[in-house]
Structures are given as structure tokens and as C-alpha cells.
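Please look through the sequence and the structure shown below before reading the report, and keep both at hand while following it.

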Amino acid sequence: MSSMVHKLPVSQRLGFSIGHVLNDLTASMWFSYLIIYFHQVKRFNNILAGLLMLIGQVSDALFTPFIGFESDSTVGICNLGKRKSWHFVGTLCVIGSFPFIFNKCIECGNSPDWAQFIYYAPFVVIFQFGWASVQINHLSLIPDLTPDEGERVELNGMRYAFTVISNLIVFGVFWLLFDLNEGNKDATMLNHTDSDRFRNLVFIAVAIGIVFSFIFHLIVREKVKCNQEFVGEEPGSSENLVSTIEGSMLQKTLMTWRCWLKEIQFYQIAVIYMCTRLFVNVSQIYLPLYITETLRMEKDNVAVMPLVVYVSGFFTSLVMRPLNKKIGRKATYFVGIVFAVSACIWMYFLGQSTSKQTYGAAVLLGIGGSTMLVTSLSMTADMIGENTESGGFVYGSMSFTDKLSNGIAVTLIQFLHPCTACCPHCNEYYRTILAFVPASVAVVAFVGLLTLLPTKLVRRLEPIVSNGTVKSQENNTNLYYDNEDDTRQPLLRKKTPSINNS
């Protein structure tokens, strides 16, 4: 077999890896500082702050399947390609809405909380639409750009490396904003005097993101697919299979969204991806509150501690490709779970007298989170395989579970906050949250991983090919390849006259 794989140029790899920087910068602020900003700076009550997060996450969850489906279906504008077209639209939405979220309410700064809540909600919805559009189409570019599994892992690793760099920029700039303004920086709680720091941070972050997005669109070239001579058909009946393969004419069986819903592995990986995102996001949201309200550390640590998490995550992402290659996806993910749960256990036993140990726990948190995230994304890309025609739907569906679970989790955490009932031990609440919630979802992810052990990733059922003849498997909606060299070569189907029943 002499199938030559085209190596992706370095410029394309680097160009792709910076295409999510604007999203990463805004997501860093969204998850790390939205709750603490509206709770301690804007003085919203816990439930209103949680509801604002819920609106954003539910909006994102509802948008993602739609965006994924439309991204797969549309052609694109001005020869940008369908993925980059949606990416560009999403970028405009993020730029036009996100700065308003971390700024004072225009002409309503002294209004009641509920009135300001109504003001901020539309900007949150527009931001989440744009963010989802950029995320799904950037991820969908990975299988479009290269068919090589190693390169896909590398692209995911490089993408995550820039995610870490973006977070380092946010936390580093925020730290500098505290350092340059000496006033009241040693206090443990943020207040309304810190609103200017958030305003400056959001403008700097968005400006940097605009530059990286421009470079991405300038460098990356998406493959614009034309009508193919051979097309796949809806799986289901073996009557549609050709009886022979002529020469070396081979091609994949196209997957529609209905086909994905019949794949068990689709749901298994969705659970793993959802739990991974839930672990990373919940720990990111409540780490600043754990630092200020539970451990009573100086408030500039809301920038320093996440910085430690992402520095360790950055160095971890650099070894993801060789580690995945050496021990495999599942074993690598398990290693991430071990580090992640260890960090949660460590944080549970910390107190004000041992608060300096938080740096060590933060390192474990960064290693565990980055390992789980990069590997789960690589699993998703593996599952898509050569079926890039519906990659947007897959990533949209994964993101749907992620956003919806995050929104529900954060809302429940805020709703159950004991300080609403003037509980004297409410400062210990965030210790419980940061220890038990991420650890619990990591355990659920481990159970999901166990269900994958008996199967191979991307081993979708396909037609059996034996001696050049296609054989069907009765009573199976999907069929396996059975080549002697165990290589999964996609099957070509000739375009035949048929009535389109769709």
C-alpha cells in the first residue's frame, strides 16, 4: 500500500493553532471571572449571577447543533470555505458583544439588579452565538486539513497550547493591572473599585484576539470541496452496495447526522467530552472564589493561581503527541484523570495556614485538565475519521452536552450557596464545590472510558470486502471492513441514478 500522506505545511499548522485565540481569551474571562465579577464587583446576588451564566451556556448549547448542521450544509462566502465563513461571522459577533459584558451598564449603572440583568442578557446571547460558531468551525477544520491521525493530535496539541498561552495573557495582564495599581490590592475581596481593571482587561483581550483572528484568516487555506464524481448513500439496506470494487477506486461512506445518532461510540465519547469540559470549567470558575473566600488569600491571586494552572497545562500539552503515540488515547486519558482527582483531594485538605500549597495543587490541576482535554478532543477527531462532511454536527453535538451541563451545574451551585440563608460556614462552601464536583465528573469520565475499552476508536461498521467483493452482514445497519491487512480502506460507491427521497 503506497498511500502517501500529504504533510501539512508549518505555516498552516501555526495559522490554524491561533484561530481560536479570540475565543480562548474571552472564554478565560468568562469562566474565570464572570461569577466573581457580578458577585463581588457588581454586587449581584448569587442566583442572578448564576442565571446570567446559565443563559450563556444554554444559548451556546442550543446554538451549537444548529451551527454544526448549517456549517456542514453551506458552501461558504467569497471562497473562504464553509468553516472559515462561519468562523468569520462568529468572530464579528464576539467582538461586537463581549466588551459590553465586563463594562458598566450604559445609562443604567444605578438601576436595580434585575434591570441590569436584562441589559446584560442580550450581549451574553450574541457572544455565545459567536463563540459557538468560532469553536465548532475551528475544530471542524482539523479533520478537513489533514487525514493523518498524528497530525490531528499535533493540531489539537498546538491548539491547546495557544489556549494556554491565551489564558496566560489574560491572567498575566490582570496581574499587571493589580500590580500597577497599588490601591487596595492586598484585600481579600474584590469590590466596585476594581471595575476599571476588568474594563481594561476586556479591551486588551479583545484587541489581541482581533489580531490573531486576522492572521488566521490570512494564512489558513481551507479546502473548498466541489461536487464529487462518487457519492455515498444513506446506510441501511445492503441492496445499495455495489458487488465489486473496480481497481483502486475507493472512497468513504458518507455519514449524515442520522448515521451518527446510530453510533454507540458517538454517545460514549460525548459523555467523556462533556465530563472533561465540566471538570475544566467548574474548576476554572470556582478557583478564584475558593482563593478569596475560603483561603482568604490576597485578591491578586485570582490572577496568579490560574496562571500557575495554565503554565503547567501548557508544558503538558507539548508532550501530548508522543504520549498518545506511546501509550494510546485511553491510557493517556486515564493518566489525566489521576492527576485531576489528586488535585481535587489536595485542595479539600488545604486551609488558611497551608494556603501556599495551593500552588502545588494548581500544578496538578493544570496537568490533569490539559491531558484530559487534549485527549478527548483527539478522540473526537479520531471518531470523525475521514467523515469530515459531518464533522460540524459532531463537534456541535459534543459542545451541546458540554454547554448545557455547565450551565445547569453552575446554576445549581449558585442556587445552593448557603450565604443566601446567612449560613456562618458559607466560606467553606467553595472548598466543597472545588473538591467534590470536578472529582465526581472525573469519575464519571472514567466510567465512560471503561465502556470504550472493548472497542477500537473509529471502528465504525462498514461493508466487508473480501477478494474485491462486497459482502453484506445481515441484520446489521452498519458493517465492518474485513481486509486481510486489517487496514480500514474506505469503500467507493458509484454514483447511480436514484430518486432523492429526502
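The report below goes from the whole chain to selected parts of it.

## The chain as a whole

This is a predicted model, and its chain has 502 residues, of which buried residues make up 57%. The secondary structure comes to 15 helices and 2 strands.

Among the contacts in the chain with a separation of 6 or more, 81% are between residues 24 or more positions apart. The chain exposes about 21,400 Å², and carbon and sulfur atoms supply 64% of this area.

Helix H14 has 25 residues and reaches 36 Å from its first C-alpha to its last, which is close to the 36 Å expected at 1.5 Å a residue. This helix is mostly covered, since 19 of its 25 residues are buried.

The patch is formed by Ile47, Leu51, Ile408, Leu412, Phe415 and Leu416, which together have about 550 Å² of accessible area. Helix H3 (46-73) and helix H14 (391-415) each supply at least two residues of the patch, while Leu416 lies in the loop between H14 and helix H15 (429-452). Leu416 has a relative accessible area of 57%, and is therefore exposed, the cut-off being over 50%.

## Salt bridges

Side chains of opposite charge can pair when their charged atoms come close. A search of the whole structure finds 7 salt bridges. One of them joins Lys403 to Asp60, with the closest N and O atoms 3.6 Å apart. Because Lys403 lies in helix H14 and Asp60 in helix H3, the pair ties together parts that are 343 residues apart in sequence. Lys403 counts as buried at 2% relative accessibility, and Asp60 counts as buried at 0%. Asp60, Asp402 and Lys403 are linked in a network of salt bridges.

A further salt bridge is found between Asp382 and Arg329, whose closest N and O atoms are 2.6 Å apart. This pair links distant parts of the chain, with Asp382 in helix H13 (residues 358-384) and Arg329 in helix H12 (residues 329-348), 53 residues apart. Asp382 is buried, with a relative accessible area of 5%, and Arg329 is buried as well, with a relative accessible area of 11%. The side chains of Asp194 and Arg197 also meet in a salt bridge, at 2.1 Å from N to O, and both residues are buried.

## Aromatic pairs

The count of aromatic pairs comes to 28. In one of them, the rings of Tyr37 and Phe38 have their centres 5.1 Å apart and their planes at 85°, so the pair is edge-to-face. Both Tyr37 and Phe38 are buried.

Phe174 and Phe178 form another edge-to-face pair, at 4.9 Å centre to centre and with 65° between the planes. Because these two residues are 4 residues apart in helix H6 (residues 149-180), Phe174 and Phe178 are separated by about one helical turn. Phe174 is buried at a relative accessible area of 0%, and Phe178 also counts as buried at 0%.

## A buried loop residue

Phe44 is found in the loop between helix H2 (21-41) and H3, and it counts as buried at 2% relative accessibility. Not counting residues up to four places away in sequence, Phe44 touches Phe38, His39, Ala49, Asp113, Gln116 and Phe117. Phe44 and Phe117 are 73 residues apart in sequence, and their C-alpha atoms are 8.9 Å apart in space.

Notes:
Residues are numbered from 1 along each chain as its sequence is written. This is a predicted model: local features need pLDDT of at least 70, side-chain atom pairs count only at pLDDT 80 or more; totals for chains, interfaces and linings use all residues. Side-chain values use heavy atoms; hydrogens and water are left out. Patches are made of residues with over 30% relative accessible area and no salt bridge: like charges are joined within 9 Å, nonpolar side chains (Val, Leu, Ile, Met, Phe, Trp, Tyr) within 5 Å. Accessible areas come from the Shrake-Rupley method with a 1.4 Å probe; for residues, only the protein chains shown count as cover. A salt bridge is a side-chain nitrogen of Lys or Arg within 4 Å of a carboxyl oxygen of Asp or Glu. Buried means under 20% relative accessible area, exposed over 50%, partly exposed in between (1.4 Å probe, protein chains only). The expected span of a helix is 1.5 Å times one less than its number of residues. Contact means heavy atoms within 4.5 Å. Rings of Phe, Tyr and Trp (its six-membered ring) pair if their centres lie within 6.5 Å; planes under 30 degrees apart count as stacked, over 60 as edge-to-face and the rest as tilted.
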